[in-house]
Amino acid sequence: MEYYEHGLKIDVSKEAYDKDILLEHPEKNRIEINGITGSIDLSLELADSDKLEELCLSGEGFYEPPANLEKLTNLRKLTLRSFCDMTKLPELPHLEELSFVACHIERDIKILLQKVPHLKKLTIWGYHGQGFDCLSDEVKGAFSIGELPEDIGALQELEDLALYSTKITTLPGSFKELKLLKTLRVMEERMREFPLVLGELSWLEELHFNCEIKTIPGNFINLRSLRKLNMDKAFNKGVWDLHNSHNSFYLHPLTDLIGKLPSLESLSLNSCGVENIEFLRDAGNLKEFSCDHSRLENCEGFIELKKLETLNLSSANILESIDGLSGLPLKKLDLEGCFSLESIEVISQLNDLESINISGCDQLDDLKPLYAHPTLERENADDDVEKWEMRVNLKDIPTLDSVLEKVKSEDLVLFEEALVHLKKHVDLNCHDETNPLAGFFGEEEDEYEIVHLKILDEGFEFHRQELSSESLVLLVDISLRSAGLDNYEITLLAIREIIRRKDELAQVKVVEIFRKACRYYGYRYRENTVLDQLYDDLFPDFETEALIRLLNEGHGDMLNCNGGDGGDRCYVPAFKRIKRGEQFEKLLELFFAYRDKYIHYSDFGNPYFSSLQKSILKVLPAKKKSRFKDNVDRRMPEAELVQMVESRDLDDKIWLLEELDNMDETFLKKNYYEVITSLNDFDLPEESWERGLGFFIEWKPGKGRCVVEYIDSINISCDTKSKIVMNLIEKMDYKCEPMDRIHPLREYAAMYMGGLNEVYTEEMSRMRSICKNYRMDYDLRDRRIERLRELAQKIAKPVSFTNGNLGYDLIDLVDSDGSKRSWAQFTEICKAYFSVMEREVVSRMYALHYLAAGVCFIDDRGALRWLESFLPHDITHDLLAFNLACAYSHFGEKGMMLKFIKRSLELGKTSQEFMDDEDFSFFWKDEDFLDLLKV
């Protein structure tokens, strides 16, 4: 049972139901009962409660309304989630609000007219989801897809109506009898036309119509009382992704009937493909307008909306200018994700502006208009803008042009003064991890390649010998705001000079700047970046005190060189350059804290730490070396190991397996067989067995014999053994270890899985999740694709992959960047999987749609020929036919293009979609092309 301020929640599937317990909380005005099976009773005493106004019920399967429900005469709101038997609903003349899932919509409305005739608010949901699948066939037979009956017009007191996924296709003419209806919400996937009857509801004040339609009837203009209109996703197929969507726009322009509604104050057309706002030229009373994911390039036409106070233009990917908003009475402006927007200078002319969101506007270099605005308040603005207090200092900062001129000066004083002011400009304009420094010098930032700022680099080289340490640190601070994104040569130049001077204090400050720039670690896949060079070349040359700061609380991704940033290479120079005793003590504490925390992780382990410890011991003097070794030995004394091996306690055995990585190799060489056999007859957790097996595989001495003896000693089922071994194979595939290194495990798994072919098939199936990693670098994925090819060559064909949905897994392999190389790798991965599968199975896979699109991206006619061998004999999906037509058009194969255009049209594609798609631009004037489209 759960309590909240004014309510009570009970789940009768998890706890015994006691109807009297509801009486213990007479102050609650809302009760929610979930998990009902069949029926329950409500206490008659609840009828005496003058507080209880709302009841919410849901069941598992089909359930009945609770007994005594009609006695709760103070009840005003009833919600019936999942599947309630509406035929058992008692008379509830006092009820004002009802929300329920319709089983047989025509019958259910007739029941409402009889049982709850005085409804003011009604919400009807359609049946859908897994809950419906769980019902018996007999109960499913009671459900019916139908239309709203004419009788609904008899609900004369109805003020608010919502229809969600009921599968209706239109609204009955009796809607015009609902004279008190003020708010209507319609979200129906089968409704493809705007119902004519809505044009007769001249009294309607709020309409949410979120159905995919092509036109609006002329009588729409009769909605003269409509104040709020939401038609999100209603037009242009509800498109929101302008770059990757396969939908073509087919309603241009939007109808000006919307703008002619005389009372309209609030309008939402999100994901409607808005290209311009010419259709709103007469919407003079509009106060709120939202059109996210639009195709607006500028804000021309907005000046006509004289009363506009709230505007949402978020995710307008091609929006470059908002100058057209000048002079409007805007109070709230949302520009999130407008990554083509280059200036917000116009907000200085929005005198009433209180709130603005510019998160993700990566092209903005100058935020001074934001800080100088007189009415903007920090608490109402975007969270990415964190430096509002700097607004008061704006007037004291020299202009950027004058600062850049001083950077060229041969006068050291002027140059260092320019650096101070340059930092202020960076501070002022840096937002959302975006450093504006490159833009100041007319360059573009590049997160993969080093960026040279010629003026600044040359000024540094001229003054290098005389620059103060403070100025060197300042240069690092200016140029390193995000460790993952900033790649400025000046960062490396300044740090190399600090290293040359052995300036320990300046190095400590650099580390502080670096840690602040690291919101998270793990950018090592970007080769030759500043971050890469810092770890590989510069940090290891720092003095001990700075390295202690760097290593302090270092996360595993930062420290580990096996897939992390490689900060662990700083331990050896840190120990080597110790100057004071307290530094050695601090480093001991840091290193062993790191070791104790990560020694059980698969990417770390005892071999990793053993190697690192040996490297540290080589640079330590005798006294410190002895102290270091004492710390290592103290963590795993042999007497304790022997005791754990001989113990018969289950917890000791779990501990033994989990501590294998910490054991001394000499001890293991002598006692590995005793360690293995001591685990017999214990029901140990599967993850403990797997961790132990993983250790023996990594452990070089006698590894083959150890693995076999270890597995044979495990007292678990053969299925579990094969699962553990396959998990280890998957991990080794993830690291792209050589095929022969993995083969002993395959041979062992084959004993339990029916043969090597089954092992290879399972291994190849698991490779899907290994390849499906959006952050993986291309070279690593190429190596894993080669592994797929190797596996495919070893599999006896054909096979099926039953683990998950292969088709959709393959589609997920296409990177979000949609680059040519990403598409090429997707194609190669498909080739590997398809080569071992039945052609009939492949021909039904959704991945073919993407492959047809991909051959255009990679410009590979050979890939198209390969794809042809898997095409179904009868293409039944419009998108596959459309993409094939695109592919043949791309390669100039007119005959095949026309064949698939014809099939696309037969399957529902429109002629306009072919005229809108650039892939067909070469044939836009071709007579056969135009004749087929009847254009």
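Me: Which helix does Arg501 lie in?
Reply: Arg501 lies in helix H10. Helices here are DSSP runs of H or I with at least four residues, strands are E runs of at least two, and both are numbered from the N terminus. This is a predicted model, so local features need pLDDT of at least 70 and side-chain atom pairs count only at pLDDT 80 or more, while totals for chains, interfaces and linings use all residues. Residues are numbered from 1 along each chain as its sequence is written, and side-chain values use heavy atoms, with hydrogens and water left out.

Me: Ok, and how exposed is Arg501?
Reply: Arg501 has a relative accessible area of 26%, so it counts as partly exposed. The scale is: buried under 20% relative accessible area, exposed over 50%, partly exposed in between, using a 1.4 Å probe and protein chains only.

Me: What is Arg501 in contact with, leaving aside neighbours within four places in sequence?
Reply: Arg464, Gln465, Leu467, Ser468, Ser469 and Leu472. Contact means heavy atoms within 4.5 Å. Take Ser469: it is 32 residues from Arg501 in sequence, and the two C-alpha atoms are 9.1 Å apart.

Me: Back to H10 itself. At what angle does it cross H12?
Reply: Roughly 20°, and the axes of H10 (residues 489-501) and H12 (residues 530-538) come within 11 Å. Axes are lines fitted to C-alpha atoms, for helices over the stretch in contact, and angles run from 0 to 180 degrees between N-to-C directions. That angle makes H10 roughly parallel to H12. The classes are under 35 degrees for roughly parallel, over 145 for roughly antiparallel, 65 to 115 for roughly perpendicular, and oblique for the rest.

Me: Which residues make that contact between H10 and H12?
Reply: From H10, Thr491, Leu492, Ile495, Arg496 and Ile499; from H12, Val530, Gln533, Leu534 and Leu538.

Me: Left-handed or right-handed crossing for H10 and H12?
Reply: H10 passes H12 in a right-handed crossing. A crossing is left-handed if the near helix is turned anticlockwise from the far one by less than a right angle, and right-handed if clockwise.

Me: How many of the residues of H12 are buried?
Reply: 7 of its 9 residues are buried, so H12 is largely enclosed by the rest of the structure. The buried ones are Val530, Leu531, Asp532, Gln533, Leu534, Tyr535 and Leu538.

Me: Switching to H29. How does it pack against H27?
Reply: H27 (residues 778-794) and H29 pack at about 15°, with their axes 9 Å apart. The two are therefore roughly parallel, and their crossing is left-handed. Among the residues that meet are Ile785 and Leu788 in H27 and Ile829 and Tyr833 in H29.

Me: And what about H29 against H31?
Reply: H29 (residues 820-834) and H31 (residues 847-858) pack at about 135°, with axes 9 Å apart. That makes H29 oblique to H31. This crossing is left-handed. In the contact, H29 residues including Trp823, Phe826 and Phe834 meet H31 residues including Tyr850, Leu851 and Phe857.

Me: Strands next. What does E5 pair with?
Reply: E5 (residues 77-80) pairs in the parallel sense with E4 (residues 54-63) over 4 bridges, and with E7 (residues 97-101), again parallel, over 4 bridges. Strands count as paired if DSSP finds at least two bridges between them.

Me: How many bridges join E9 to E10?
Reply: 5 bridges join E9 (residues 160-164) to E10 (residues 183-187), and the strands run parallel. Leu161 has Leu184 as its partner there. E10 also pairs in the parallel sense with E11 (residues 206-209), over 4 bridges, and there Val186 is partnered by Phe209.

Me: How many disulfides does the count come to?
Reply: The count is 0, where a disulfide is a pair of cysteine sulfur atoms within 2.5 Å. Cys361, for one, is in no disulfide: the nearest cysteine sulfur, that of Cys338, is 5.2 Å away. With a relative accessible area of 0%, Cys361 is buried. Cys211 counts as buried too, at 1% relative accessibility.

Me: Last one: how many helices and strands does the protein chain have?
Reply: 36 helices and 17 strands. Of its 935 residues, 53% are buried.
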